[in-house]
Amino acid sequence: MTQPVISVNELTVEFVTRRGTLRALDKVSFDVARGEVLGVVGESGAGKSVTGSAIIGLIDPPGRIAGGQVLLSGERVDNLPPDAMRKIRGKRIGMIFQDPLTSLNPLYRVGEQLIETIQTHTDLNAADARKRAIALLDEVGIPAPERRIDGYPHEFSGGMRQRVVIALALCAEPEFIIADEPTTALDVSVQAQIIALIKRLCQERGTSVMLVTHDMGVIAETADRVAVMYAGRVAEIGPVRDVVKQPLHPYAVGLMGAIPSIEGDAERLVQIPGSMPRLSNIPKGCAFNPRCSKAFDRCFVERPELIDVGGRQVACHLYDQSKAPNGQNPTDKAEIAA
Amino acid sequence: MTQDVSSAPYVQVRDLKRVFDVSKPWLNRVIESAPKQYLKAVDGVSFDIRKGETFALVGESGSGKSTVARMVVGLLPPSGGTVSIDGVSMTDPAAAQERQRLRRRIQMIFQDPYASLNPRWRVGRIIAEPIRAFDLIQGDREIEGRVGELLSLVGLHPDDGKKFPHEFSGGQRQRIAIARALASNAEFIVCDEPTSALDVSVQAQILNLMRDLQQKFGLTYLFISHNLAVVRHMATRIGVMYLGRLVEVSEGKQLFTAPRHPYTKMLLDAVPDLAMVGKPREGVKGEIPNPISPPSGCTFHPRCPLVFDRCRVENPPAIDGVACHAVNRGREAA
Ligand SMILES: Nc1ncnc2c1ncn2[C@@H]1O[C@H](COP(=O)(O)OP(=O)(O)OP(=O)(O)O)[C@@H](O)[C@H]1O
Ligand SMILES: Nc1ncnc2c1ncn2[C@@H]1O[C@H](COP(=O)(O)OP(=O)(O)O)[C@@H](O)[C@H]1O
Ligand code: SF4
Ligand code: SF4
Ligand SMILES: [Mg+2]
Ligand SMILES: [Mg+2]
């Protein structure tokens with residue numbers, strides 16, 4: 001197998017607060033292959049954004065990486081000094097956030113921001129950098145880029161601004177892009193355009209993407225593989241088709257059934273009782289145990305690790321063949337879904 | 001479903017309009033010699049809601065859904081048109097007294113349950129407020145009993161009445177808002193994006209609860225959402241809004257199996273959905289134009305694949321639930 005572009009191993013992030021140390025990520029592990037879109041889903045507070053911030057070294061104090069590693073094309077980047085990390089951000093790892101205005105400076109013309117970024121990361125002269133900026137705007141679908149390049153961010157609509165941010169993320173031809181809720185603030189019809197754009201760009205350029213969103217629909221369409229996060233842990237990770245159509249982890253089963261579809265005909269949505277625990281109150285053993293209808297003794301004492309189950313990984317004791325509870329047939333998905 | 005869907009419309013909305021003055025301040029206007037600017041947030045919307053059904057309005061941001069909702073419940077005066085509920089006019093000044101009697105029966109639930117609950121009041125007092133305001137039950141003990149009953153009904157514990165709103169999660173707060181809406185024995189509930197701020201597993205709990213309560217009490221809902229999948233799950237009939245106009249009204253599932261208006265088709269093509277895994281889709285063209293200077297004629301014409309001359313000059317009338325010249329022409333030809 002070729003080397004993954006990003007490899008996250010047992011990454012743990014803690015926030016030290018007055019009420020004690022809160023563990024926002026607890027041994028999160030996954031790889032992203034070259035040209036792959038990894039979707040990261042989960043409900044709010046699951047740790048999706050913290051995962052992204054940890055990879056790019058932007059965890060604000062009092063937060064800190066308390067364990068684990070992040071490898072970018074095989075090199076460790078989680079322990080780099082801030083200066084070295086700053087060089088990697090933007091150049092080798094691009095970023096796209098939910099609100100395009102966090103990435104764009106309202107006081108500068110769009111072109112100035114693109115040209116500056118291009119010049120920081122390449123040795124192009126001003127004229128060539130401008131040409132490249134126009135080409136990028138064209139590539140992300142801004143009409144009349146040679147004219148729009150001199151506009152200010154507020155002169156662009158929300159969808160257009162997000163296109164500019166994508167152009168900005170692409171400036172230095174990064175190997176890896178972290179897109180955190182890139183379409184959440186956009187309208188449905190614009191959302192579809194941005195998704196199509198991100199997908200096309202990675203296909204054409206071989207860029208890898210970590211696409212963070214709480215919208216399963218977006219993941220279903222864009223991602224190659226998907227990681228389902230719950231309470232700072234990865235519950236299940238695998239090919240998007242498998243995880244969406246036949247989830248294995250009881251939380252993933254509940255999550256998929258809870259989402260209304262424009263095709264499905266469920267009279268009732270699947271209901272997971274309760275809600276995600278607060279970080280200060282994560283249950284012992286499996287973090288999902290208070291809400292899980294399949295929980296058994298072992299779930300309350302021992303944390304399930306990710307184990308391989310036919311091409312994907314699942315963190316649930318039901319799938320640990322050696323120690324599954326009596327009478328449970330862990331491969332019977334219908335039973336788990338019930 | 002065991003719903004009492006009688007034929008006479010319970011809610012009648014006719015040619016409803018709302019214009020907002022969005023001009024710059026007077027001084028700026030004089031200096032820049034800029035004209036006054038008006039925004040037609042709602043521009044001639046008509047629909048019926050039958051008793052016991054869920055009528056949904058969908059549309060992208062700024063299409064006028066919330067403005068319609070606020071006019072229907074009487075929170076915002078219309079610039080034109082009429083609303084009547086159970087035969088009582090919500091818009092005729094002469095009907096003020098009758099309207100007062102109707103008020104108890106109409107409630108509204110908002111997207112942000114936190115903003116709609118008084119943070120300094122205990123939940124019990126919040127839910128009891130409509131009971132006291134409309135003098136529905138006498139005696140503190142009796143009211144407290146009723147509040148406990150309502151809390152249980154929405155899946156909370158009677159003791160939760162002693163807590164303050166900030167002690168609850170988003171989903172629990174929305175349950176409180178629903179309990180308050182039910183406290184006055186409301187029969188018509190207008191819900192503006194009731195689950196848009198919630199996580200999907202909590203959204204499922206609230207949507208299931210709303211359906212259970214509808215069956216139990218025969219409630220009528222005007223349900224507003226930008227999420228087509230949620231609307232499909234909830235609605236008996238659906239109206240699609242674009243730039244202040246209702247472009248299509250359709251029976252619930254039919255909107256998805258046989259969309260008729262070009263905008264509806266585009267919207268359905270665009271929506272990211274679980275069912276779409278691995279499927280290619282049609283491209284979507286353009287963005288919603290600035291509502292202050294909307295396109296002439298059919299406001300969808302710059303984005304429409306079926307556009308022809310007439311569309312640029314004439315606003316298409318709604319015929320059989322669809323406002324589109326191309327659809328009308330097809331009908332004439334057939
Ligand atoms: N008080 C107001 N003053 C000026 N313009 C307004 C006002 N209220 C609404 N508008 C405008 O009217 C149009 C319709 O707004 P409305 O809030 O009804 O949209 P909506 O469909 O509910 O959108 P969303 O999905 O974003 O909630 C928008 O262009 C909005 O900016
Ligand atoms: N600066 C911080 N201080 C304390 N806790 C934080 C901080 N940032 C994030 N968290 C916590 O970490 C958890 C994961 O957050 P986040 O990654 O933002 O979730 P999401 O999956 O919604 O993106 C949440 O419980 C959040 O409250
Ligand atoms: S480990 Fe146990 S509690 Fe956790 S998801 Fe699996 S069965 Fe449920
Ligand atoms: S009226 Fe014309 S422009 Fe409008 S939707 Fe119909 S065909 Fe398209
Ligand atoms: Mg987040
Ligand atoms: Mg609204």
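Reply: A residue counts as buried under 20% relative accessible area, as exposed over 50%, and as partly exposed in between. Please keep in mind throughout that this is a predicted model.

Me: What does A:Ala33 touch, leaving out residues up to four places away in sequence?

Reply: With those left out, A:Ala33 touches A:Pro4, A:Val5 and A:Ser208.

Me: Switching to helix 7 of chain A, how many of its residues are buried?

Reply: Of the 13 residues in helix 7 of chain A, 12 are buried, so the helix is largely enclosed by the rest of the structure. The buried residues include A:Arg161, A:Gln162 and A:Arg163, as well as A:Val164, A:Val165 and A:Ile166.

Me: What covers them?

Reply: The cover includes strand 6 (93–96) and strand 7 (176–180) of chain A, together with helices of that chain, among them helix 4 (110–121), helix 5 (126–139) and helix 8 (188–205).

Me: And how far does helix 7 of chain A reach?

Reply: Helix 7, residues 158–170 of chain A, reaches 19 Å from its first C-alpha to its last, which is close to the 18 Å expected at 1.5 Å a residue.

Me: New topic: how many residues of chain A are in contact with chain B?

Reply: There are 42 residues of chain A in contact with 41 residues of chain B, and the area buried between the two chains is about 3,600 Å², with carbon and sulfur atoms giving 53% of it. On the chain A side, A:Val188, A:Glu221 and A:Ile262 lose the most area to chain B, together 20% of what that side buries.

Me: Which side chains meet in a salt bridge there?

Reply: The count between chain A and chain B is one salt bridge, in which the side chains of A:Arg268 and B:Asp212 meet at 2.8 Å, N to O.

Me: Last one, what surrounds ligand 4?

Reply: The residues around ligand 4 include B:His261, B:Cys298, B:His301, B:Cys304, B:Cys311, B:Cys324 and B:His325, and by class the shell has nine nonpolar, three polar and no charged residues.

Definitions and conventions
Residues are numbered from 1 along each chain as its sequence is written. Chains are lettered from A and ligands numbered from 1 in the order in which they are written. This is a predicted model: local features need pLDDT of at least 70, side-chain atom pairs count only at pLDDT 80 or more; totals for chains, interfaces and linings use all residues. Side-chain values use heavy atoms; hydrogens and water are left out. A residue is near a molecule or strand if one of its heavy atoms lies within 4 Å of it. Ala, Val, Leu, Ile, Met, Phe, Trp, Tyr, Cys and Pro count as nonpolar, Asp, Glu, Lys and Arg as charged, and the others, Gly among them, as polar. Helices (H or I, at least four residues) and strands (E, at least two) are DSSP runs, numbered from the N terminus. The expected span of a helix is 1.5 Å times one less than its number of residues. Buried means under 20% relative accessible area, exposed over 50%, partly exposed in between (1.4 Å probe, protein chains only). Contact means heavy atoms within 4.5 Å. Buried area is the accessible area (1.4 Å probe) that two parts lose on being put together, summed over both. A salt bridge is a side-chain nitrogen of Lys or Arg within 4 Å of a carboxyl oxygen of Asp or Glu.
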